[in-house]
Amino acid sequence: GMIGPKGGMGSSGVVYIRWGRTTCPNGADRVYYGRGAGSHYGTKGGTSDHLCLPETPQYKNYYSSLSYLPELYGVEYDLDDGQTSLLRHLFRADMPCVLCSVSTRSKMIMIPARYECPSDWNREYSGYLMSDLEYYAHEGSKSTICVDETSEAVPGSGANTNPAVVYFMRAVCNGLPCPPYEANKLLTCAVCTQ
């Protein structure tokens, strides 16, 4: 067959999810916003990932009512541990999210246990590491996400439906050196681009 025309230079850029917000930082473009989602905290199957579902989904014409199919639930902040006021206003509220694109950068990393980026990197946002509880009723392992320290709630949420839930994470001095790590301190995070 005939050879088609040569394509243009590929564009660079990175995308990342900003957990807890519906807007992107300055210099980043919003691809879409929506709601955090994941498997119910008590299920053994389903997804171990947290997903950012768009606010307006698109469906094709297929349905299934099979009871054993994996299900997605909204992510709920369960942050009130009785000891910290950090983000307590979000207790039992649902988590928004936004997919951001930065066309002027080509690399993205999430650094756990740091809220600053290396000097030659740009900080997109910083916050706290969150995941599901280590608790007998919470069956499956879930992914760890970096939730913005200036997080917001989905308007009208807060009914404590206990769907997919996230909690702060902390270090334990068992295999991690203390110092520099500190037991029971909430672990920070930063999303960095270059």
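Here are a few worked exercises on the structure above.

Keep in mind that this is a predicted model: local features need pLDDT of at least 70, side-chain atom pairs count only at pLDDT 80 or more, and totals for chains, interfaces and linings use all residues. Residues are numbered from 1 along each chain as its sequence is written, and side-chain values use heavy atoms, with hydrogens and water left out.

**Exercise 1: the overall fold**

Work out how many helices and strands the protein chain has, and what share of its residues is buried.

Step 1. Go by DSSP runs, numbered from the N terminus: helices are H or I with at least four residues, strands are E with at least two. That gives 0 helices and 10 strands.

Step 2. Call a residue buried under 20% relative accessible area, exposed over 50% and partly exposed in between, using a 1.4 Å probe and protein chains only. On that basis, 35% of the 194 residues count as buried.

**Exercise 2: the aromatic pairs**

Find which parts of the chain the aromatic pair of Y16 and Y125 ties together, then do likewise for Y128 and F168.

Step 1. Rings of Phe, Tyr and Trp (its six-membered ring) pair if their centres lie within 6.5 Å; planes under 30 degrees apart are stacked, over 60 edge-to-face, and the rest tilted. Searching the whole structure turns up 2 aromatic pairs.

Step 2. Y16 and Y125 make a tilted pair, 6.3 Å centre to centre with 35 degrees between the planes. Y16 sits in strand β1 (residues 14-19) and Y125 in strand β7, so this pair ties together parts 109 residues apart in sequence. Y16 is buried at 3% relative accessibility, and Y125 is buried at 4%.

Step 3. For Y128 and F168 the ring centres are 5.7 Å apart and the planes at 80 degrees, so that pair is edge-to-face. Y128 belongs to strand β7 and F168 to strand β9 (residues 164-168), so parts 40 residues apart in sequence are tied together.

**Exercise 3: two disulfides**

Settle the handedness of the disulfides C146–C189 and C117–C192.

Step 1. C146 and C189 are joined with S to S at 2.0 Å. The torsion about their S-S bond is about 90 degrees, so this one is right-handed. The link runs from strand β8 to strand β10, spanning 43 residues.

Step 2. C117 and C192 are also joined, S to S 2.0 Å, but with -90 degrees about the S-S bond their link is left-handed. C117 lies in the loop between β6 (108-112) and β7, C192 in strand β10, 75 residues apart.

Key: A disulfide is a pair of cysteine sulfur atoms within 2.5 Å.
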